[in-house]
Amino acid sequence: MKTFSVAVALFLTSGLAGQEKEAKDSLDAPTRERISEIKGQLDGMSETLAELKTFTDALRKIKISGYIQSQFQLATGERINTFAGGNSAEGVRSRFVVRRGRLKVAYDNELTQYVLQIDVTQNGVGIKDAYLWMREPWLRMFGLTAGVFNRPFGFEVGYSSGSRETPERARIIQTLFPGERELGAQVEFSTETGVLSHFNFKAGLFNGTGPTANDNDNYKDFIGRAGFQLPFQEENITIDGGVSLYAGKVRSTSRYVYSFNSALNQYFADSSTTNVGKYFSRNYLGADVQLYYDSPLLGGLSLRGEYVFGEQPGTSSANTVYNPGTASIPLYQRKFSGWYLTLVQNIGLDHQFVAKYDLFDPQIDGGGHAIGAPAVGGGSSMTAADVKYATVGIGWNYHYDANIKLVVYYDVVTNEKVNPTATGSLLGLRDDLKDNVLTVRLQYKF
Amino acid sequence: MKLLATLLLSLFALGLLFGQTETITIKGSDTMVILAQRWAEVYMSKNPNVSIQVTGGGSGTGIAALINGTTDIAASSRPMKANEKEKLKQRFNTLGVEIKAARDGLAVYLHESNPVKELSLPQIKAIYTGKITNWKEVGGEDAKIILYSRENNSGTYVYFKDNVLEGADFVATAQNLPGTASVVNAVAKDKYGIGYGGAAYAKGIRMISVKRDDRSPAYEPNLENIKSGKYPISRFLYLYTRTRPAGALKAFVDWVLSSEGQEIVTRVGYFPVR
């Protein structure tokens, strides 16, 4: 409407200007004065519109987006520890939750960007993203991001929950990268033209303590991914992928540092006092591949896989990264591996079939019946944090319109069976836990 | 039960009798609206069982509609951006199919009475970024240059910005108009105006010759110069589909690329790709 008004005003102005000379000769003084007055008014309007344009151009750079995921979940057991949206409480096997309530505001100035994203759920308000991004103006290939943002590792960490076809990320990704984001700064390389457009690179230094915690040491963790994109247009296939590295360290607050002895299937402690304040490795190596195929009969198909292995410092009861704060908590060193494979088949415009398998083994050097077996020779038994899990998920996405998506998804979770004599927290793990989960989710995204 | 079977059979027979109408939607580039409408008109006259709906809105709008699933074909006067391909991949697991349907010379329009006959790319850039503000600086009259541009959802805008302004911002005094036709109208009525857009719209104004730089020869935006690549501001016009076209969509795309479809390209004022 505004631009139309501008066009009309200009049309009138130019039309009047073109006839002005002729009019001056034939019109009387009051009419000429009136024309001059109208022209003055139009000039004034043009100036006002130019000012308004400056204002609306600035407003156009503000981009607001978001999504709400409201879901109902039904589990096969009560009080389960689940990766399908958080643990449930005692006596609860079904629940309604707002899994994610995101609101993202970006100020996009083409070569620079401000991004702030919050997450509002029944648990409160949390910060997801708070970063600035800038790209150099000369080659337009190199960029810098600083603040809280996605870690540049693998594929699924950075794949938006609003777009993802499965309700949650794989167990290994949730374990290694809780919250996906991290505080730090990264450089990136990417270009849209030439041979180099098939490659991209991101790497940065991060605190290593997660998206919301303050740093607890002087060591900064390196995270980086070198990626590629290979389109085979004739075959309607695209293969993307990359290799990623996490090279970090954590600082022990305890003199007790446990290492695993695979011959005895037990942990043994090093209790040197020098362990307090000493750094221990947190290293991951990953490879990811995504294959996209435009199937002539059904529609687009994708097959995405990712494999990660490395060493993770944790605690006796947790295989997430060691972050004790000021408490003196013994450190457990584990070697882990895990992977997932996701198949998505689009069916027509509105439907997507999805299947996923993921496996996470937090202790690759031991497991099974050795977990929970009586400790011998001064060692410590493996715990629930060493149990391997496999999850098979199957589901359906229905895109009702451009904004609303319905997801029906069922997770079948299988745990490693521990020693039949195991007690305490391992008792339930003698058999397969009742922790399968059905998720019915409605998402509104704009 | 018998009644139901009769009813179903009757509906089936009616369907056979009247045939099923296939609907194809094309949305996007304002530059391509006339071309797409001509294609649609001619194609529908030869294929009465196909209905083609054409709307503009700009290349970005068309591509967004393709990603949202609200159009079958996006008409675009610029290639899809990497982030748009990424969105298409996320939603449909495809990269989209790019069809180069025509070629266009992006003309620079002046008023018919403007004595300036040619400009170099650096001069055009300087004019649109506000470094040159008076026609006398480029061999014209002593008068302020009035700039007309397009809105930023337009592929023409993006192409001009990327390839002529080399990514620099338009000066704030440039007036953004909602379509190339509006730009042409504005320049046709403004003695000191300058605008840009497809050659097909160039009625009532003059398209100037353009030089790559100050030392290069100037070329008019005509068929020969655009096909040979001598005219420095030329581009492809694209049709994008989400997946490999099939059925009625494929038949239409094949026809667009046929000699008949390409003849319409020429008739509308663009340049054929085949």
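This is a predicted model: local features need pLDDT of at least 70, side-chain atom pairs count only at pLDDT 80 or more; totals for chains, interfaces and linings use all residues.
The contact between the chains draws on 28 residues from chain A and 26 residues from chain B. On the side of chain A that touches chain B, two or more residues each are given by helix H1 (2-26), helix H2 (29-60), strand S12 (279-295), strand S13 (299-314) and strand S14 (331-347) of chain A. H1(A) supplies the largest share of this side, with 8 residues. By class, the residues that chain A places against chain B comprise 13 nonpolar, 12 polar and 3 charged.

The largest nonpolar core contains 72 residues, of which B:Val108, B:Tyr109, B:Val187 and B:Ile194 touch the most other members. Strand S4 (residues 97-110) of chain B contributes the most to this core, namely 7 residues. Another core, of 29 residues, lies apart from it and includes A:Val148, A:Ile173, A:Val387 and A:Val418.

Within chain B, helix H3 (residues 59-68) packs with helix H4 (residues 82-92) at an angle of about 15°, and the axes of the two helices are 9 Å apart. Because angles under 35 degrees count as roughly parallel, H3(B) is roughly parallel to H4(B). The crossing of H3(B) past H4(B) is left-handed. From H3(B), the contact involves B:Ile63, B:Leu66 and B:Ile67, while H4(B) provides B:Glu84, B:Lys87, B:Leu88 and B:Arg91.

Terms used
Residues are numbered from 1 along each chain as its sequence is written. Chains are lettered from A and ligands numbered from 1 in the order in which they are written. Two residues are in contact if their C-beta atoms, placed from the backbone, lie within 7 Å. Helices (H or I, at least four residues) and strands (E, at least two) are DSSP runs, numbered from the N terminus. Ala, Val, Leu, Ile, Met, Phe, Trp, Tyr, Cys and Pro count as nonpolar, Asp, Glu, Lys and Arg as charged, and the others, Gly among them, as polar. A nonpolar core is a set of buried Ala, Val, Leu, Ile, Met, Phe, Trp, Tyr and Cys residues joined through C-beta atoms within 7 Å. A residue is buried if 20 or more other C-beta atoms lie within 10 Å of its own, exposed if 12 or fewer, and partly exposed in between; C-beta atoms are placed from the backbone. Axes are lines fitted to C-alpha atoms, for helices over the stretch in contact, and angles run from 0 to 180 degrees between N-to-C directions. Angles under 35 degrees count as roughly parallel, over 145 as roughly antiparallel, 65 to 115 as roughly perpendicular and the rest as oblique. A crossing is left-handed if the near helix is turned anticlockwise from the far one by less than a right angle, and right-handed if clockwise.
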